[in-house]
Amino acid sequence: MPTHQIAMFSAKSYDERFLLQASVPAIQFICHEVTLNPSTAVMAEGFEIVSAFVNDDLSRETLGTLAEGGTRLIALRCAGYNQVDLSAAHALGISVVNVPAYSPYAVAEHTIALMLALSRKIPRAYNRVRDGNFSLDGLLGFDFYQKNVGIVGGGKIGLLVAERMRAFGCEVLVYEPVNSQYCVKKDFQVVDLKTLIQKSDIISLHCPLNSDTRYLVNHDSIASMKPGVMLINTSRGALMDTRALLDGLKSKQIGYLGIDVYEQEGSLFFEDHSLDIIQDDLFQRLLTFPNVLVTGHQAYFTQEAVQHIAETTVKNVLAYLNGERLSNRVGM
Ligand code: NAI
């Protein structure tokens, strides 16, 4: 088989390292650090296969340019595909494949890390001790034991978080509109979303972003939560309305907020902006609260997960080149 070159976008040095390890002689990765968007799509001219990541812009416009340049396969290196206009891809004759699960354990463990770091105020304690300040004022935490934890989306990650919170002695409530029977089989209490929102001390989001779930956390839902609730989002930024979060934090209705994703993260995350003047005032305001912890979409980022992403991407590409059925195809 001749060597096929694949144009990789949003490919950092760590991605390249794992891709090279997983690669086979039939394919060669041409890595670009830049994101894929309507202006960079021309860089893929002549590449039948293009690979992209979570914050790449695979809108109709980008896909149109890719199709004109001969692209026939988009190999996503992530699970979510909300960034792809799937109907445009279908109309243009471009197939889309993803990596359905890289390490749900990685995301579940990071979710728990955010919860614990917030409740026990670990970032503040770390800075204090390094400064020779051993005072405990302001570090008062709370036990997870016997607290109600609401899991929105009882899929792969949600149920791993649920199992781990059960091990802390929490009462776990799951809202799962599609596979509720599986959650019941796993001995979880399945409830409706309203009940989960009203009863939970900690609410963690693990559902996909779509038209039903966009702004699931909004002014109304926040108002019906327990005062002082802990909110965690390691799924997709637009599940939460940032303006409503800011109001909820200011009124103290939200007691803790831990997010690994942000609705406008595309222009910030995965890059070093430490010397830039960040223009996003909502994001900057979020960072001023002592009870907010933000990480930059790193929940997935473990050796095991990045290796699995690379291996699955290679498998997806080989299946396409060999004319096999694309088992990880998304959309039509
Ligand atoms: P999954 O597909 O296994 O589980 C999602 C669950 O949400 C499914 O059981 C589905 O039935 C349920 N669901 C669908 N519509 C819903 C609704 N309207 N309300 C509540 N639940 C609904 O997906 P997985 O692998 O557990 O991923 C969950 C989320 O985590 C995804 O949004 C994914 O994009 C995100 N993710 C984040 C990463 C990170 O690094 N921060 C890495 C990997 C995934």
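The following legends describe close-up views of a predicted model.

**View 1. The two domains of the protein.** The protein is divided into domain 1, which covers 4–102 and 303–321, and domain 2, which covers 104–294. Taken over C-alpha atoms, the centres of domain 1 and domain 2 are separated by 30 Å. Contact between the domains involves nine residues of domain 1 and nine residues of domain 2.

**View 2. The interface of domain 1 and domain 2.** Between them, domain 1 and domain 2 bury about 810 Å², and 54% of this area lies on carbon and sulfur atoms. On the side of domain 1, the residues that lose the most area to domain 2 are K12, N55 and N82, which together account for 50% of what that side buries. One salt bridge is found by the rule across the interface of domain 1 and domain 2. A salt bridge joins the side chains of E271 and K12, with an N to O distance of 2.7 Å.

View 3. Strand β1 (residues 4–8) pairs with strand β2 (residues 27–31) in the parallel sense, over five bridges. Within this pairing, A7 stands opposite I30 in β2. Helix α1 (residues 13–22) forms a right-handed β-α-β unit with β1 and β2. Strand β1 also pairs in the parallel sense with strand β3 (residues 49–52), over three bridges. The bridge partner of M8 in β3 is S51.

**View 4. The open sheet of seven strands.** The strands of this open sheet follow the order β8-β7-β6-β9-β10-β11-β12, and their pairing is parallel. The edges are formed by β8 (189–190) and β12 (292–294); each has a single partner strand, so one side of each is left without a neighbour in the sheet. Strand β7 (residues 171–175) runs parallel to β8 and is joined to β8 by two bridges. In β8, Q189 is the bridge partner of L173.

**View 5. Strand β10 and its neighbours.** On one side of the pairing described here, strand β9 (residues 202–205) and β10 are parallel and share four bridges; I203 stands opposite L231 in β10. Strand β10 also pairs in the parallel sense with strand β11 (residues 254–259), over five bridges, and M230 stands opposite Y256 in β11. Together with helix α10 (residues 242–250), β10 and β11 make a right-handed β-α-β unit.

**View 6. The side chains of strand β10.** Strand β10 (residues 229–233) is mostly covered, with five of its five residues buried. In a regular strand, side chains alternate between the two faces of the sheet. In β10, V229, L231 and N233 point one way, whereas M230 and I232 point the other way; all are buried.

View 7. N98 is found in the loop between β5 (95–97) and α4 (104–119). This residue counts as buried because the relative accessibility of N98 is 6%, where the cut-off for buried is under 20%. Leaving aside residues up to four places away in sequence, N98 touches L76, C78, A79 and Y81, together with T312, N316, N328 and V330.

Key:
Residues numbered from 1 in each chain as written. Predicted model: local features only at pLDDT ≥ 70, side-chain atom pairs only at ≥ 80, totals over all residues. Heavy atoms only, no water. Buried < 20%, exposed > 50% of the residue type's maximum accessible area, 1.4 Å probe, protein only. Pairing = 2+ DSSP bridges. Right-handed = clockwise from strand over helix to strand, strands pointing away. Domains from an automatic or database assignment. Contact = heavy atoms within 4.5 Å. Buried area = accessible area lost by both parts, 1.4 Å probe. Salt bridge = Lys/Arg side-chain N within 4 Å of Asp/Glu carboxyl O.
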